[in-house]
Amino acid sequence: MAGLEAKSEDRAQAPSWPDEVYRVLKEAGVKQVGMVPDAGHSRLIRAFEADPETRLVTLTTEEEGVAMLAGAWLGGQRGVLLLQSSGVGNCINMLSLPVICHMPLLMLVTMRGDWGEFNPWQVPMGQGTKAALEAIGVVVTRVDEPDLVGQTVWGAANLAFNTWRPAAVLIGQRVLGAKNFKELARK
Amino acid sequence: MTNPNALLHRRDVVNELLRERGDLLVIAGLGAPNWDVSATGDSPNNFPLWGAMGAASMIGLGLALAQPKRKVLVITGDGEMLMSIGALATIAVEKPPNLTIAVLDNERFGETGMQKTHTAAGVDLAGMAAAAGIRTSRIVRTMEEVTDIRNLAHQGKEPVFAQVKISPEALVFVMPPADGGILTSRFRQSVLGDEALYN
C-alpha cells in the first residue's frame with residue numbers, strides 16, 4: 001500500500017500547497033495534530049513529523065481526534081485533525097462535543113469519491129461528506145484550486161478558533177489528483 | 001469484617017479516587033460515572049460528559065498533552081471504554097505520564113436497562129490495555145487497590161489503567177450543569193486563568 005502511494009506521488013509534480021497549509025497552521029498556533037493518514041496529506045504529515053513543537057498523534061479512528069482536540073482546547077492548546085472523507089463518517093456523533101461545548105475544531109479533509117474517482121466503494125461517503133458535516137453543525141468550505149488551499153485553510157482556522165465551532169475544509173480530488181490503482185495492478 | 005468477595009460500590013470507589021484531589025483534573029464519562037463524580041461535589045476542574053460516548057479517554061489524552069504539569073484522571077464506564085477501545089492503543093503509543101484511566105466496570109450498560117456488556121462475558125479490559133502497552137494496568141477489586149490507583153494518579157509517572165470491578169447498582173442521579181458552554185468555559189478559566197475568557 002505504501003509502495004503504491006509513493007509511486008503515484010512520484011508521478012505527480014510535488015505540490016506546494018501543503019507547505020502553505022503548514023505555514024498557516026503554525027501561524028494559527030496549532031500544537032496538536034491528530035490524523036489517520038491519507039496520501040493527499042502525506043507532505044503535510046512529513047512537515048509535522050519534522051516539527052518538534054507539534055505533537056503528531058496517529059489515531060486508530062478519526063473520532064478519537066475529535067475528542068483529543070476537545071481535551072487540547074480544555075488545556076489551552078489548538079489543534080488540527082487531518083483525515084480523508086471516508087473518516088468523516090466515523091466522526092459524526094463525536095462532533096456533538098465541539099458543537100454543544102462551543103469548542104473550536106479545525107478539520108482538513110482530503111476528498112475521495114468525487115472528481116476522477118476510480119474506486120466505487122469511495123463514492124457513497126465521498127458524496128455524503130459535506131451533507132453529513134453540515135447536518136451535525138460543522139461549517140464546511142470546499143476548495144478545488146491548489147492556489148486557494150492555503151487561504152481557505154486560513155479562513156477556516158480563523159472561523160474555528162475565533163468563534164469556537166467546528167469548521168472543515170474539503171480539499172477536492174482536482175487538487176490532489178485522482179489515483180488509479182488499476183494502472184498499477186498486473187494486467 | 002467485610003466480605004472480601006463482595007463487589008465494590010461505585011460511589012465509594014469514586015470518593016476514594018477523588019479524596020484530597022488537590023488540583024487534579026477529572027474527565028467523567030457519560031452516564032453513571034458523570035453522576036458519581038458529581039456526587040463528590042461539583043467542581044470547575046471536572047469535565048463531565050452528557051454524550052459523545054467513547055470520548056472520555058481521548059479527551060484525557062489531549063488534555064494531558066496540553067497540560068503536562070497537571071495530573072489528569074479519566075473516570076468512565078465499561079461500555080464507554082469498549083466503544084473507543086482503540087484509544088487504548090493510541091494512548092499507549094503516546095505514553096502520557098500524567099494520565100490515569102479508571103473504568104468503573106459493572107459489566108452493564110447502566111443507563112439503558114442494565115444490559116450486559118462484553119466484560120460480563122469475561123473481556124479483560126486491563127489485559128487489553130496492558131497488551132496495547134500501558135504497563136501499569138490492573139484489575140481492581142479492593143479499596144486498598146483503589147487507593148493505590150488514586151496515589152498513582154497523583155504521582156503522574158506513567159500512564160495508568162484500572163478496571164475497577166463494581167456492583168451493578170442503580171443510584172440516584174447527581175447532575176452537574178448540562179450546558180457544554182458553561183462546563184467548557186469554567187474548566188478553561190480554572191486551568192488557564194481569567195485570560196481564557198478573552199481568547
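Tutor: Let us begin with pairing: two strands pair if DSSP finds at least two bridges between them. Please keep in mind that this is a predicted model.

Student: What makes β7(B) and β8(B) a pair of strands?

Tutor: Five bridges join β7(B) to β8(B), residues 160-165 of chain B, and the two run parallel. Since at least two bridges are required, five are enough for the two strands to count as paired.

Student: How do you know with which strands β4(B) pairs?

Tutor: The bridges show it. β3(B) and β4(B) pair in the parallel sense over six bridges, with B:V72 opposite B:L99 in β4(B). β4(B) and β8(B) likewise pair in the parallel sense over six bridges, and the bridge partner of B:V103 in β8(B) is B:Q163.

Student: How do you know that the length of helix α7 of chain B agrees with its number of residues?

Tutor: At 1.5 Å a residue, the 13 residues of α7(B), 143-155, should span 18 Å. The end C-alpha atoms of α7(B) are 18 Å apart, which agrees with that expectation.

Student: Which residues of α7(B) are buried, and why are they placed on the same side?

Tutor: B:V146, B:I149, B:R150 and B:A153 are buried. They cover an arc of only 100° around the axis, and therefore they lie on the same side of α7(B). An α-helix has 3.6 residues a turn, so residues three or four places apart point the same way. On the other side of α7(B), B:E144, B:N151 and B:Q155 are exposed. What covers the buried residues of α7(B) includes α1 (10-17), β3, β4, β7 and β8 of chain B.

Student: Why does A:G65 count as buried?

Tutor: A residue is buried if 20 or more other C-beta atoms lie within 10 Å of its own. A:G65 has 32 C-beta neighbours inside 10 Å, and so it counts as buried. A:G65 lies in helix α4 (residues 62-74) of chain A. Leaving aside neighbours within four places in sequence, A:G65 is in contact with A:G34, A:L59 and A:L81.

Student: How many residues of chain B are in contact with chain A, and of what kinds are they?

Tutor: 28 residues of chain B are in contact with 26 residues of chain A. In chain B, α3, α5 (86-94) and α8 (180-192) each supply at least two residues of the side that touches chain A. The residues of that side divide into 15 nonpolar, 11 polar and two charged.

Definitions and conventions
Residues are numbered from 1 along each chain as its sequence is written. Chains are lettered from A and ligands numbered from 1 in the order in which they are written. This is a predicted model: local features need pLDDT of at least 70, side-chain atom pairs count only at pLDDT 80 or more; totals for chains, interfaces and linings use all residues. Helices (H or I, at least four residues) and strands (E, at least two) are DSSP runs, numbered from the N terminus. Two residues are in contact if their C-beta atoms, placed from the backbone, lie within 7 Å. Ala, Val, Leu, Ile, Met, Phe, Trp, Tyr, Cys and Pro count as nonpolar, Asp, Glu, Lys and Arg as charged, and the others, Gly among them, as polar. The expected span of a helix is 1.5 Å times one less than its number of residues. A residue is buried if 20 or more other C-beta atoms lie within 10 Å of its own, exposed if 12 or fewer, and partly exposed in between; C-beta atoms are placed from the backbone. The arc is that of the directions from the helix axis to the C-beta atoms.
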